[in-house]
Amino acid sequence: MGLRLRLRLPHKSSPRTPSHLLLCVLALSFFSFTALLLYKVDDFVAQTKTLAGHNLQPTPWHIFPRKSFSEATTYRILQCSYFSCPYNSVPHPNTLQSNSGSGHRTHQPQCPDVFRWIHRDLEPWAKTGVTKEHVNKAKANAAFRVVILSGKLYVDLYYACVQSRMMFTIWGILQLLNKYPGMVPDVDMMFDCMDKPIINRTEHQSFPAPLFRYCTNEAHLDIPFPDWSFWGWSETNLRPWEEEFRDIKQGSKKRSWDNKQPRAYWKGNPDVVSPIRMELMKCNHSRLWGAQIMRQNWAEEAKGGFEQSKLSNQCNHRYKIYAEGYAWSVSLKYIMSCGSMTLIISPEYEDFFSRGLLPKENYWPVSPTDLCRSIKFAVDWGNANPSDAETIGKRGQGYMESISMNRVYDYMFHLITEYSKLQKFKPVKPPSAKEVCAGSLLCFAEQKERELLERSRAVPSMDRPCRLPDADRNRLERLIQRKKQTIEDVRNMEMTRT
């Protein structure tokens with residue numbers, strides 16, 4: 001019996017504890033899956049391009065130092081890129097227009113004459129229209145692509161832009177959609193965000209690439225678009241345009257014309273590969289050339305809180321000088337806002353509004369040849385004709401006041417609308433493009449950027465955009481010839497004086 005008992009014992013049923021081996025396998029599987037998931041997420045994030053410049057190389061046609069990101073960015077890139085644009089419907093244009101009977105969207109003033117340049121800028125595509133092939137050709141020189149579909153904005157990123165230009169430019173387009181909801185047509189546009197135009201008129205005459213940027217000139221076909229600084233420029237502490245203009249104009253009233261210093265003044269950065277600015281530095285002699293030329297060090301200004309670079313404190317001279325930088329410079333609008341007689345050193349580039357300036361009416365032309373002597377002549381002429389000089393300065397200030405944000409948005413609206421009429425295809429969202437909304441863009445903004453962006457928000461307008469003037473090529477040609485003749489007359493005055 002004892003033997004039987006011993007033999008039966010192993011066959012008794014008893015509860016079994018979970019296998020430690022199974023637990024180890026499950027734990028290992030979980031950690032392996034987690035590690036793989038994190039790796040895949042990191043890899044996915046490393047390929048996600050952002051408006052802030054993550055995972056973007058600088059434009060190869062204008063190299064600049066890449067932006068560094070000090071903070072952990074994985075969560076931020078995921079949150080801002082994929083989870084910050086909630087679904088929201090955009091009003092249909094017919095819905096908005098139906099309100100016109102109750103007094104909405106009825107006021108429609110005539111646009112400023114400078115808007116006629118929109119027709120001229122788009123002339124290269126007037127006969128052929130804009131095809132997909134045209135747009136694809138422009139991509140070779142584009143930093144990003146903007147596609148608007150049913151009032152929503154989609155952006156395809158190719159290269160980084162210097163500083164915060166891309167972010168503020170795209171914010172401006174978002175505000176246009178907000179100001180005129182449901183009215184901006186579907187469109188597909190290529191943008192470059194660097195300084196110099198690149199679509200050479202001679203080389204691209206037969207098949208021009210439609211590329212939008214901040215400036216252009218007679219030798220190029222690039223289409224000028226309002227620059228980023230109208231919504232602020234965080235790196236130089238510039239606020240949205242209307243705030244800056246208001247304070248500059250107020251600052252210009254601190255001294256009467258008679259009490260302003262009877263000299264020409266310039267303060268800026270000459271170290272931007274600008275031969276004309278380097279030449280201008282030689283004119284820093286109040287008695288000999290009637291000019292005070294100041295070097296601006298933005299790195300030092302940032303350390304000092306920009307206390308020495310407030311534009312509203314720089315309106316104490318009767319004459320202010322505008323000198324182009326690497327190409328055109330955003331400084332022109334701030335210089336002219338002072339109400340001093342602006343001395344513009346013969347510019348090679350033009351932005352969308354500077355083409356409306358007229359020599360001896362709202363600025364004084366200065367020759368880059370024998371620069372210091374030309375500045376001295378302008379100062380002497382102004383001091384000998386103080387009433388005329390003051391009038392020219394006030395007209396320049398008045399012109400800049402006419403370029404309000406309402407008119408900036410109207411220019412954008414009409415440029416996009418006229419361009420969309422030329423499209424020979426229906427725009428579609430590119431596979432790699434992402435929707436951009438206010439939430440996703442602000443999500444990427446640093447504190448200083450966010451403050452400026454928030455302050456430049458546009459609200460839906462109760463008025464329609466201003467009325468675009470008809471195309472009139474002959475009128476623009478007469479204007480161009482008139483400007484050239486006036487500049488030549490001033491040169492002859494200088495030569496006679498010499």
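This talk walks through one predicted protein model, from the whole chain down to single residues.

First, the ground rules. The model is predicted, so local features need pLDDT of at least 70 and side-chain atom pairs count only at pLDDT 80 or more, while totals for chains, interfaces and linings use all residues. Residues are numbered from 1 along each chain as its sequence is written, and side-chain values use heavy atoms, with hydrogens and water left out.

Now the whole chain. The mean pLDDT, which is the predictor's confidence in each residue on a scale from 0 to 100, is 90 for the protein chain, and 88% of its residues reach 70 or more.

The secondary structure comes to 17 helices and 11 strands. Helices (H or I, at least four residues) and strands (E, at least two) are DSSP runs, numbered from the N terminus. Of the 498 residues, 50% count as buried. Buried means under 20% relative accessible area, exposed means over 50%, and partly exposed lies in between, with a 1.4 Å probe and protein chains only. Among contacts between residues at least 6 apart in sequence, 75% join residues at least 24 apart.

In what order do the 6 strands of the open sheet stand? The order is 5-4-3-1-2-11, and the pairing is mixed. Strand 5 (223–224) and strand 11 (434–436) are at the edges with a single partner strand each, so one side of each has no neighbour in the sheet. For pairing, DSSP has to find at least two bridges between two strands.

Strand 1 (residues 144–149) is mostly covered, with 6 of its 6 residues buried. In a regular strand the side chains alternate between the two faces of the sheet. Here Phe144, Val146 and Ile148 point one way, Arg145, Val147 and Leu149 point the other way, and all are buried.

With strand 2 (residues 152–157) the pairing is antiparallel over 6 bridges, and Ile148 stands opposite Leu153. These two strands form a hairpin with 2 residues between them, and Ser150 in the turn has a positive phi of about 50°. With strand 3 the pairing is again antiparallel, over 5 bridges, and Val146 stands opposite Met189. Strand 3 (residues 187–191) in turn runs parallel to strand 4 (residues 211–213), joined by 2 bridges. Phe191 has Phe212 of strand 4 as its bridge partner.

On to helix 13. Its 17 residues (386–402) should span 24 Å at 1.5 Å a residue, and the end C-alpha atoms are 24 Å apart, which agrees. The expected span is 1.5 Å times one less than the number of residues. Which residues of helix 13 are buried? They are Ala389, Ile392, Gly393, Gly396, Gln397, Tyr399 and Met400. These residues cover an arc of only 155° around the axis, which puts them on the same side of helix 13; the arc is that of the directions from the helix axis to the C-beta atoms. What covers them includes helix 8 (241–252), strand 8 (317–322), helix 11 (331–336) and helix 12 (371–384).

Helix 11 holds Leu332, which counts as buried at 5% relative accessibility. Leu332 and Met400 are 68 residues apart in sequence and 9.7 Å apart in space, C-alpha to C-alpha. Beyond four places in sequence, the contacts of Leu332 are Tyr322, Ile344, Phe353, Ser354 and Leu357.

Thr486 sits in helix 17 (residues 473–497) and is buried, with a relative accessible area of 17%. Its side chain reaches the backbone oxygen of Arg482 at 2.9 Å. Leaving out residues up to four places away in sequence, Thr486 touches Pro359 and Lys360.

Last, two loop residues. Gln163 lies between strand 2 and helix 7 (165–179); Asp370 lies between strand 10 and helix 12. Gln163 has a positive phi of about 55° although it is not a glycine, and Asp370 has a positive phi of about 55° although it is not a glycine either. Gln163 is partly exposed at 40% relative accessible area, and Asp370 is partly exposed at 45%.

Conventions
Contact = heavy atoms within 4.5 Å. Polar contact = N/O pair within 3.5 Å; in protein donor to acceptor, adjacent residues only side chain to side chain.
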